[in-house]
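Please look through the model shown here.

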Amino acid sequence: MLSVHKEIYLAGGCFWGVEEYFSRIDGVVDTISGYANGHTQNPTYKQVISQNTGFAETVKVVYDPKAVDLKTLIVQYFKIIDPTVLDRQGNDIGNQYRTGIYFKDKKDLDVILPVIMKEQSKYKKPIVTEVKPLENFYVAEDYHQDYLKKNKDGYCHITFDSLEDLKKEDVVDADDYAIKNIEEAIASLTDEQRHVTLEAGTEMAYSGEYDKHFDKGIYVDVISGEPLFISADKYDSGCGWPAFIKPISDSVIKENMDYSHNMVRVEVRSRVANSHLGHVFDDGPVIDGKRQLRYCINSNALRFIAYDDMEAKGYGKYKALIDEADKKGFNQK
């Protein structure tokens with residue numbers, strides 16, 4: 001069956017570099033330079049650079065969601081822009097060079113907004129990248145398309161170094177933790193585990209088994225057994241729930257906006273089992289002068305595998321990650 005392609009529209013300064021950057025990402029099937037969200041029809045490049053049309057130089061990114069997800073694209077987008085600068089990127093100044101994410105499907109906000117909330121923790125100044133529905137998009141002139149492929153020494157305000165991150169093999173293969181019998185897996189849960197993972201519940205503060213637990217090992221999803229966190233990234237936040245600065249891999253965590261209880265939060269779920277785990281906040285510890293995240297996780301969503309038992313229980317290949325992280329000496333008890 002053919003995959004259904006999706007679209008996202010990204011403005012990040014001069015569109016030559018943005019187009020080339022995203023064209024190099026596996027799963028992106030097409031990139032088109034153009035002009036988005038202005039107030040005239042069929043604008044020309046000369047009209048747009050006059051700064052009177054309201055258009056932003058924008059790249060239409062067409063992607064196969066089975067090969068690359070929207071979260072990956074948005075994370076990569078923030079690697080090539082300065083989101084705290086208004087109407088400027090690199091040497092290009094003007095409203096047409098503003099940063100913006102324009103979507104056609106409102107559901108995309110559930111992916112976009114959590115990424116922005118996490119990105120904000122990296123900056124002291126507020127992020128000014130606009131996030132709006134796509135109002136219109138006009139394809140730019142032919143000579144703008146694939147400009148850097150046709151002009152190897154052409155101007156580009158971005159670098160492509162961060163694409164190397166995407167070439168690294170994911171440390172956790174989802175297929176290794178596929179659930180063969182979901183009914184059986186759920187039946188093995190306690191009432192508390194079922195309430196947290198399946199009903200998005202929250203255990204009482206300071207009541208969880210792993211709140212003050214700092215043994216060496218790995219924390220896995222209680223339903224699927226998928227690795228989620230390692231002990232070296234766990235710390236005592238004082239919040240009453242287990243806290244980690246990051247997951248074992250970004251790919252094992254799914255994030256959703258959570259507007260329940262009259263709050264705006266980012267919910268985190270496990271990839272394979274879709275278990276509710278907890279929430280992520282931007283008030284983690286400062287390491288090397290940089291504020292970290294705080295993954296606030298329910299103990300009932302986790303199962304701990306001690307370091308000395310990891311080999312026997314099929315998690316031996318992750319011991320090297322723990323050893324390497326331990327050398328950096330973060331774990332704050």
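Strand β18 (residues 294–297) is covered on both faces: Arg294 and Cys296 on one side, and Tyr295 and Ile297 on the other, are all buried. Buried means under 20% relative accessible area, exposed over 50%, and partly exposed in between (1.4 Å probe, protein chains only). Strands (E, at least two residues) and helices (H or I, at least four) are DSSP runs, numbered from the N terminus. This is a predicted model, in which local features need pLDDT of at least 70 and side-chain atom pairs count only at pLDDT 80 or more, while totals for chains, interfaces and linings use all residues. Residues are numbered from 1 along each chain as its sequence is written, and side-chain values use heavy atoms, with hydrogens and water left out.

Two strands pair if DSSP finds at least two bridges between them. Strand β12 (residues 243–244) runs antiparallel to β18 and is joined to it by two bridges, with Phe244 opposite Tyr295. Strand β15 (residues 276–281) is also antiparallel to β18, over four bridges; here Phe281 stands opposite Arg294.

A nonpolar core is a set of buried Ala, Val, Leu, Ile, Met, Phe, Trp, Tyr and Cys residues joined through side-chain atoms within 4.5 Å. The largest has 39 residues, of which Ile8, Phe22, Leu73 and Ile74 touch the most other members. A second, separate core of 33 residues includes Ile297, the β18 residue named above as buried, along with Val252, Ala301 and Ala325. In soluble globular proteins, nonpolar side chains tend to be buried together.
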